[in-house]
Each structure stands twice: as structure tokens, then as C-alpha cells.
Amino acid sequence: MSKDYLTYDQLRAILDEKLAPLQTEMRDLKAFVEEANKKYDDVIIKLQDFEVSLQDIIAENNVLKTAIQDMNSQVNQLNVIGNDLEQYTRRECVEVQGIPQSKDENTDEIILTVGDLMGLKLDEKDISVSHRLPVSKKYNGSRREPGIIVKFVRRNSKDSFYKARRELKKFTTKDLGYRADNPIYVNESLTEKKQESLIIFGM
């Protein structure tokens, strides 16, 4: 029996046939790896761009925060200045509390009568203006009588009226002809902000 030997060309043809699918798979794998590398590079570039954008946003946010803080500081300073100016305009003013309100009352006459109780010699020329205060929201719905604010023509008249307030401890609104027996108080006329500050510090 004779032996059949494969020639070189036959052997190569067989190997090429067997290796062809593997070569195709290798080419596909290489193409996949190249595409994956390209996508990876694109992702890295996008991440770098995003990081730069994020840093820009953070920097801009910090600038805005600083600007807002500066604006808040300026607003607070303006509020303080405004409150000081308002308080300055009240330097000739006092408030009288506890006096019942009546129809067609004359607050100037009430102030002069309170002055008489304290032993002061005042007349209408000493008073620039007087009127009832609006009811504060915190007392809205309560029975508290709205106070009377009076602005004197001269600072010394206001100071004398305020210093004499201790004399009112001996009197009530009955001494002014009212049925109610309320104590009478004379206070400095303070801005709402000033009143809040005194409450906070327990003064």
C-alpha cells in the first residue's frame, strides 16, 4: 500500500482554510479595540472639558457669593444709617402710654394736662405736634390703648418732660378725669429697630 504525502501547497491551503476564521476574528477584535480606544480618548477629553467647566462654574459661584456678601453688608450699613437718622429725628419726641382714647380728643391738651400733673409749666407753643400712635401689629386685637407721641419745639422742653416722668407714679388716668384707673408712662420715642435691640439685650 502506497502512502500519500501532502505537498507544500496542499498543506498551506489546508492551514489557510483553518486559520481564515481565526484571522477574521483577530481583525474584528483589533477593530473593536481600536474603536474602544478612540471612545476612551473621547471620554477622557470630555471629562477634561467638564472639569474645566466645573472649575469655571465654581470660580464664578465664589465671585457671586462674595458680591452678595458685599451687597448684604452695604444694605446692613444703610439700614443702620437709616435707623440712626430716624432716631435722630425723634430727639425732641416722647411717647405717653396708658391714656384711654376718646372721640374728638385733643392730644395737645392731654399732653399739657399730663405736664401739669408732673408740675411742669407748658403751653401749646411748646408742642410742635402730637397724635395717637398706630396700633402695633404685636398688640393688634388686644385692649392696649394706642400711645400718644408728642414732638416738642425745643429739646430742653422734651428733656424736662421726660425727666419729670417719675412724678407720675403718684397719679393714674383717673387724675386726668378718665374712668379707667390706668398707670401713666412716659417713654423715649424709639424706632422699631431700637426697641428690638433693647429687648434682645434685656434693657
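**Stop one: strand S1**

Select S1 and look at both of its faces: Cys93, Glu95 and Gln97 on one side and Val94 and Val96 on the other are all buried (buried means under 20% relative accessible area, exposed over 50%, partly exposed in between, with a 1.4 Å probe and protein chains only). Helices (H or I, at least four residues) and strands (E, at least two) here are DSSP runs, numbered from the N terminus. This is a predicted model, where local features need pLDDT of at least 70 and side-chain atom pairs count only at pLDDT 80 or more, while totals for chains, interfaces and linings use all residues. Residues are numbered from 1 along each chain as its sequence is written, and side-chain values use heavy atoms, leaving out hydrogens and water.

S1 pairs in the antiparallel sense with S3 (residues 148–152) over 4 bridges; pairing takes at least two DSSP bridges between the strands. Valine 94 has valine 150 of S3 as its bridge partner. S1 also pairs with S4, again antiparallel and over 4 bridges, and there glutamine 97 stands opposite tyrosine 185.

**Stop two: helix H3**

Pick serine 157 in H3. Serine 157 is buried, at 8% relative accessible area. Leaving aside residues up to four places away in sequence, serine 157 touches Asp126 and Phe152 (contact means heavy atoms within 4.5 Å).

**Stop three: glutamate 167**

Next, go to the loop between H3 (155–163) and S4 (185–188), where glutamate 167 sits. Glutamate 167 is partly exposed, with a relative accessible area of 33%.
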